[in-house]
Amino acid sequence: MTDRNDDRRRRRRPKRRTGEGGRQLQSAGAAIVVCLGALVIALFLNAPGLHKSATIQPNGWKRDVALAVTGPLQTVSHTLRLDRPRKGLKEALGRSQDDVVDTVVAGPEDEQPTDGDPSGPQAEPRPSAPPKRERFTPRKPLRLWIAGDSLAIVPGQSILRAVAGNRSVKPLDEVEGRLSTGLERPDVYNWFSRIREVMQKEKPDAVVVMFGGNDDHGYMTGLPEGLGVSTFGSQAWREEYRRRVATIMNTVTRNGALIVWIGLPITKDADQTRRFDTINAIVQAEAAKRPGRASYLDTYFFFAGKDGGYAQYVENGAGRLVKMRGDDGVHFERPAGDLIAEKALERIAERYDLGEQKRPSTPSAAP
């Protein structure tokens, strides 16, 4: 009788599921719990990076939602010190600034940062006579740095090719081109801090920059406390953008260096061209305040057709049509870069004696 009862109990008892080798299999629910737990841990460990990614998104509801989620996540992560492993790894890789949201509009080293202080320095140039023309030689080469947004890359590369055979010029590095960056959003990439750092450490004699291609919007970060900017081209926008342009120029020129600022070109989109005109007017006006120290290079008519409008192909000196602009109607092809490089180097040569300077090797010439 007892044996029969034992048999019944054994039959009612559920069998354990096992895999190969007799290993016990876990339920799907347990696996999901483990995965969710790992996901939560990963979120807290990577909270600083997630918050930085949310911060630099384009302005809009998606950014607002992302910030609402990642902000508290980052706070809890920091409070519980769960962000320490990521921080240590970033420092070991030499990328400790990856997760930093830097919106300070930093001026020259002898000026205080103007972020959050509307009564601070207004980045006005110090009145002085244009500097004397200086000579550079192979023993004392001119230190050249080229930087900017994606539009700066092709002309910058053309400049480097043009000076490659001139030992009187020493480029500091390759073109520092940062896509989707500018002066409106230092939280995406802080050019104010970067240029200040380069001027302090590398001390270039000439700096060629191009900014503005991503600045034709009405949203800015790093604004002085109490200042609101919501519309592109408004008086508040113009004044703040002027301050930022002036800050860049002062940072470069404060210790005697020359800045050549390449203007934005005509584009296929007429509305975008008008916005670019607004930016160009501010840059040109600020450069005019710094004779011999800042030079604005107007590129508008380099790439205009016979009717004065946008042209993707432009006639060169030989009367042959050359493709100057990319298919997006904004970026440059190499012949356009070579033309801009030739003109930028002419501006540098007005200030500095660089000896024999070869022209860019290009199938195009000034139209």
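Tyr-241 has a relative accessibility of 0% in this predicted model, so Tyr-241 counts as buried. The ring partner of Tyr-241 is Trp-237, and the two form a stacked aromatic pair. Trp-237 also has a relative accessibility of 0%, so Trp-237 is buried. Both residues belong to helix α8 (residues 235–253), where they are four residues apart, about one turn of the helix.

A pair of aromatic rings is described by the distance of the centres and the angle of the planes. Here is how two of the pairs look in those terms:

| Pair | Centre to centre | Angle between planes | Kind |
|---|---|---|---|
| Trp-237 and Tyr-241 | 4.8 Å | 5 degrees | stacked |
| Tyr-189 and Trp-191 | 4.9 Å | 70 degrees | edge-to-face |

The total is nine aromatic pairs. Because the planes of Tyr-189 and Trp-191 stand at 70 degrees, that pair is edge-to-face.

Phe-136 has a charged neighbour: the charged end of Lys-140 sits over the ring of Phe-136, 5.2 Å from the ring centre.

Now for the backbone. Ser-180 is not a glycine, yet its phi is positive, near 60 degrees. Ser-180 is in the loop between β4 (176–177) and α7 (191–201), and its relative accessible area of 55% means that Ser-180 is exposed. Lys-203, not a glycine either, has a positive phi of about 50 degrees. Lys-203 lies in the loop between α7 and β5 (206–210), and with a relative accessible area of 54% Lys-203 is exposed.

Technical notes:
Residues are numbered from 1 along each chain as its sequence is written. This is a predicted model: local features need pLDDT of at least 70, side-chain atom pairs count only at pLDDT 80 or more; totals for chains, interfaces and linings use all residues. Side-chain values use heavy atoms; hydrogens and water are left out. Rings of Phe, Tyr and Trp (its six-membered ring) pair if their centres lie within 6.5 Å; planes under 30 degrees apart count as stacked, over 60 as edge-to-face and the rest as tilted. Helices (H or I, at least four residues) and strands (E, at least two) are DSSP runs, numbered from the N terminus. Buried means under 20% relative accessible area, exposed over 50%, partly exposed in between (1.4 Å probe, protein chains only). A charge sits over a ring if NZ of Lys or CZ of Arg is within 6 Å of the ring centre and within 35 degrees of the ring normal.
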